[in-house]
Amino acid sequence: MQDELNGLPQRAKDKHKENKKFFQQLKKKPPKHLDLQMQELHEEEFERTDCLTCANCCKTTGPLFTNKDIERISKHLRQKPQQFIDQYLRIDEDNDYVLQEVPCAFLAPDNYCLIYDVRPKACSEFPHTNRKDFHKISNLTLKNVAICPAAFKIVEEMKRRALKT
């Protein structure tokens, strides 16, 4: 897995122009059943992919924390929301709450999430490859293929299948 992760940013960079062009075409004319296709691709890939062997998303990026996330997690940790914010979060350039640093403070050495049951929505939905209106999040997907090996494989399979039709 580590070899795959080490090469992922370069592979994503090599495919960036091709992917960007593909997603531009997808935005202009999304296939009729795109969301269903993406759901299938997502499920197929995550039957093969074990996130616990990777956790690259938790090690290299931080999610956005919504107010609902903050309320839920702080309650779980038996903290006041402001205590949670002060201890773990900062406000980024887009005025969103994000982690103060990565890797995530809630990532255990065995790659398990210490707050898995109450984790942020952004974490539970990552890498967003099964999201409704998938064609509308191409910029996010272009970033995620450089972080998540499964997202990279899903996009490559998506392009391969699109060429067949």
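User: Does histidine 135 count as buried or exposed?

Analyst: Go by relative accessible area: buried is under 20%, exposed is over 50%, and partly exposed lies in between, using a 1.4 Å probe and protein chains only. Histidine 135 has 16% relative accessibility, so it counts as buried. This is a predicted model, in which local features need pLDDT of at least 70 and side-chain atom pairs count only at pLDDT 80 or more, while totals for chains, interfaces and linings use all residues. Residues are numbered from 1 along each chain as its sequence is written, and side-chain values use heavy atoms, with hydrogens and water left out.

User: Where is histidine 135 found, and which residues does histidine 135 touch?

Analyst: Contact means heavy atoms within 4.5 Å. Helices (H or I, at least four residues) and strands (E, at least two) are DSSP runs, numbered from the N terminus. Histidine 135 sits in the loop between helix 6 and helix 7. Leaving out residues up to four places away in sequence, histidine 135 touches Leu26, Lys27, Pro30 and Leu34.

User: Is lysine 159 buried or exposed?

Analyst: Lysine 159 has a relative accessible area of 6%, so it is buried. Its place is in helix 8. Neighbours within four places in sequence aside, lysine 159 contacts Lys15, Glu18, Asn19 and Phe22.

User: What does helix 1 reach from its first C-alpha to its last, and where does helix 1 bend?

Analyst: The expected span is 1.5 Å times one less than the number of residues. Helix 1 covers residues 2–28, 27 residues in all, and reaches 37 Å, close to the expected 39 Å. For a bend, take the angle between axes fitted to the seven residues ending at a residue and the seven starting there. Helix 1 bends by about 55° at histidine 16.

User: How many residues line the largest pocket?

Analyst: A pocket is an open set of points on a 1 Å grid over the protein atoms alone, where a 1.4 Å probe fits, with protein on both sides within 12 Å along at least five of seven lines; lining residues have an atom within 4 Å of a point. Here 45 residues line the largest pocket, and Cys57, Ala122, Cys123, Ser124 and Phe126 lie nearest its centre. Helix 6 gives the most to this lining, with 5 residues. The lining divides into 29 nonpolar, 10 polar and 6 charged residues. Ala, Val, Leu, Ile, Met, Phe, Trp, Tyr, Cys and Pro count as nonpolar; Asp, Glu, Lys and Arg as charged; the others, Gly among them, as polar.

User: Which peptide bonds are cis?

Analyst: Look at omega. The bond from valine 102 to proline 103 is cis, with omega near 5°. Proline 103 is in the loop between strand 3 (97–99) and helix 6. Phenylalanine 126 and proline 127 are also joined by a cis bond, with omega about 5°. Proline 127 lies in the loop between helix 6 and helix 7.

User: What is phi of asparagine 95, and of aspartate 133?

Analyst: Asparagine 95 has phi near 70°, a positive value in a residue other than glycine. It lies in the loop between strand 2 (89–91) and strand 3. At 63% relative accessibility, asparagine 95 is exposed. Aspartate 133 has a positive phi too, near 55°. Aspartate 133 is in the loop between helix 6 and helix 7. Its relative accessible area is 32%, so aspartate 133 is partly exposed.
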